[in-house]
Amino acid sequence: MRPDDVLTTGIPADPAALAGAAPRPAETWLRIVQVHDRITHRVDSALHREHDLSLTGFEALRRIAEAPGERATMGEVAEALGLSRAGVTSTVGRLVEQGLVVRERRPGDRRLLHARLTEAGRERARAAAVTHDELVARLLALLGDDAAAVTDALARVSAATRVRR
C-alpha cells in the first residue's frame, strides 16, 4: 500500500456517494415544506400580535401599496399572492372591514373591481413591513453564505413550476 492510500482508504472519490451529500428528493421536499410552514407561522403570529393583520392580509396590503396609484385589481392581488378569486375576495373583505382598503370601480372600466389603500392602510402596511422584513431577514440570515445559492435554486424551481395561462 502506498502512503497516500492509507490516507484515502474508505473515502469515496465521488462526494455524491456520501450519505447526506446528495439528499433524496423526498428529503428536500420535506425541508422546503417545513421551512415554509414554520416561517409562515412565525411571521403570521408576529403580524397578528403587533399589527392585527394576518400574513395574507399584510401581503395583500403590500401588493396593493406597490401597485401604480396604490390600486390593484382583485385578479392582480390574487395572482401576486397565489390565491383563488374567492380567497382574495375574502382577504380584501377583511381589509375593507378594518378600514385599510376600499373597493372601487374605475371610471371608464366598470368591469374590474379594484382595491385601493386608505391612509390607515398605508400606515399599517408601512408599520407591518418593518416587523415582517426584520423577522424574515433574521430567520433567513441562518442560510449564511448559502443564501444566494438557495435563492437561485428556488427561483429556478419556481419558474419551472409557474402555471402558464
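**Entry 1**

I began with His 114, which counts as buried because its relative accessibility is 6% and the cut-off for buried is under 20%. I note at the outset that what I am looking at is a predicted model.

I then looked up what His 114 touches once its neighbours within four places in sequence are left aside, and I found Arg 71, Ala 72, Thr 73 and Met 74, together with Val 102, Arg 103, Glu 104 and Arg 106.

Thr 73 belongs to strand E1, and I recorded it as buried because its relative accessibility is 10%. Which residues does Thr 73 contact, leaving aside its neighbours within four places in sequence? I found Leu 112, Leu 113 and His 114. For Leu 112 I also noted the C-alpha separation from Thr 73, which is 6.6 Å across 39 residues of chain.

**Entry 1: the chain as a whole**

I stepped back to the whole protein chain and counted seven helices and three strands, which follow one another along the sequence in the pattern α-α-α-β-α-α-β-β-α-α. The chain has 165 residues, and buried residues make up 25% of them. I also looked at contacts between residues at least 6 apart in sequence, and 52% of these join residues at least 24 apart.

I took Val 101 for a closer look, not counting residues up to four places away in sequence, and its contacts include Leu 61, Ile 64, Val 92, Leu 95 and Val 96. Val 101 also touches Ala 115, Arg 116, Leu 117 and Thr 118.

**Entry 2: helix H5**

H5 runs over residues 85-97, and its 13 residues reach 18 Å from the first C-alpha to the last, close to the 18 Å expected. Just after this helix I noted Gly 99, which takes a positive phi of about 75°.

For the helix pairs I looked up two quantities, as packed helices are described by the angle between their axes and the distance between the axes. The axes of H2 (residues 25-51) and H6 (residues 119-140) come within 10 Å and cross at roughly 145°, and this crossing is right-handed. On the H2 side the residues in contact include Ile 39, Val 43 and Leu 47, and on the H6 side I found, among others, Ala 128, Leu 135 and Leu 139. By class, this contact has 10 nonpolar, three polar and three charged residues.

H3 and H6 pack with axes 9 Å apart at an angle of about 120°, and I recorded their crossing as left-handed. Leu 55, Phe 58, Glu 59, Leu 61 and Arg 62 are the H3 residues here, and they meet H6 residues including Gly 121, Arg 124, Ala 128 and Asp 133. Sorted by class, the contact of H3 with H6 has six nonpolar, two polar and four charged residues.

**Entry 3: two loop residues**

Finally I checked the loops on either side of H3. Asp 52, in the loop between H2 and H3, has a positive phi of about 50° although it is not a glycine. Glu 70, in the loop between H3 and strand E1, is not a glycine either, and has a positive phi of about 55°. Is Glu 70 buried or partly exposed? I recorded Glu 70 as partly exposed, because its relative accessibility is 21% and buried means under 20%.

Definitions and conventions: Residues are numbered from 1 along each chain as its sequence is written. This is a predicted model: local features need pLDDT of at least 70, side-chain atom pairs count only at pLDDT 80 or more; totals for chains, interfaces and linings use all residues. Side-chain values use heavy atoms; hydrogens and water are left out. Axes are lines fitted to C-alpha atoms, for helices over the stretch in contact, and angles run from 0 to 180 degrees between N-to-C directions. Helices (H or I, at least four residues) and strands (E, at least two) are DSSP runs, numbered from the N terminus. A crossing is left-handed if the near helix is turned anticlockwise from the far one by less than a right angle, and right-handed if clockwise. Contact means heavy atoms within 4.5 Å. Ala, Val, Leu, Ile, Met, Phe, Trp, Tyr, Cys and Pro count as nonpolar, Asp, Glu, Lys and Arg as charged, and the others, Gly among them, as polar. The expected span of a helix is 1.5 Å times one less than its number of residues. Buried means under 20% relative accessible area, exposed over 50%, partly exposed in between (1.4 Å probe, protein chains only).
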